[in-house]
Amino acid sequence: MALTQEQIASKTEDLKAYIAAHKDVDGPLMPIMQYAQESFSYLSMETMTLIADSLGIPVTDVYGIATFYAQFSLKPKGDYVIQVCQGTACYVKGAAAVLDEVKDILGIQSGETTEDGKFSIQDTRCLGCCGLAPVMTVNADVYGRITPKDVKGILEKY
């Protein structure tokens, strides 16, 4: 769900306090960006500009890191982030068909969020659960040895 203006203002103040507490330590940028990502679920241009201005660095430095590392998103994510592992073990056991089923049910592609803001699909190459292949996660919940026919029931839980 989208944040209200009050929530955004509160999270922005929290971020400013976090920056003030961490800006004088060595290598503050990544931890600050991670804090902002966790707070807002993505890094908006306004947030990246706030970080850059607070640290006295160009916003292009913040943007460059945000677009280089997969952990950062420039678009809001849904309440539930779905990942279907496409690593070798999962792929050979049918993960592509599982991912296709997720996309068909939700009507979105990888990297997109449903209109209601409930679900996002995020590309991933390995979730480190090769023994459970194919694997799908919904936020921190892990589902292993799944097939396309399992997907609808899993998504209905959310």
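Figure 1. Leaving aside residues up to four places away in sequence, glutamine 109 touches Lys103 and Ile121, where contact means heavy atoms within 4.5 Å. Tyrosine 35 is 74 residues from glutamine 109 in sequence, and their C-alpha atoms are 27 Å apart in space. This is a predicted model, in which local features need pLDDT of at least 70 and side-chain atom pairs count only at pLDDT 80 or more, while totals for chains, interfaces and linings use all residues. Residues are numbered from 1 along each chain as its sequence is written, and side-chain values use heavy atoms, with hydrogens and water left out.

**Figure 2. Strand S1 and its two pairing partners, S2 and S3.** With strand S2 (residues 119-122), S1 pairs in the parallel sense over 4 bridges; two strands pair if DSSP finds at least two bridges between them. Isoleucine 82 stands opposite isoleucine 121 of S2. The pairing of S1 with strand S3 (residues 135-138) is antiparallel and has 3 bridges. Here glutamine 83 is opposite threonine 137 of S3. In a regular strand, side chains alternate between the two faces of the sheet.

**Figure 3. Threonine 124 in the loop between S2 and S3.** Threonine 124 is buried, because its relative accessible area is 11%. Its contacts, not counting residues up to four places away in sequence, are Gln83, Val84, Cys85 and Gln86.

**Figure 4. The chain around these sites.** There are 7 helices and 4 strands in the chain, in the sequence order α-α-α-α-β-α-α-β-β-β-α. The C-alpha trace spans about 50 × 30 × 20 Å along its principal axes. Of the 158 residues in the chain, 37% are buried. Among contacts with a separation of 6 or more, 56% are between residues 24 or more positions apart.

Methods. Buried means under 20% relative accessible area, exposed over 50%, partly exposed in between (1.4 Å probe, protein chains only).
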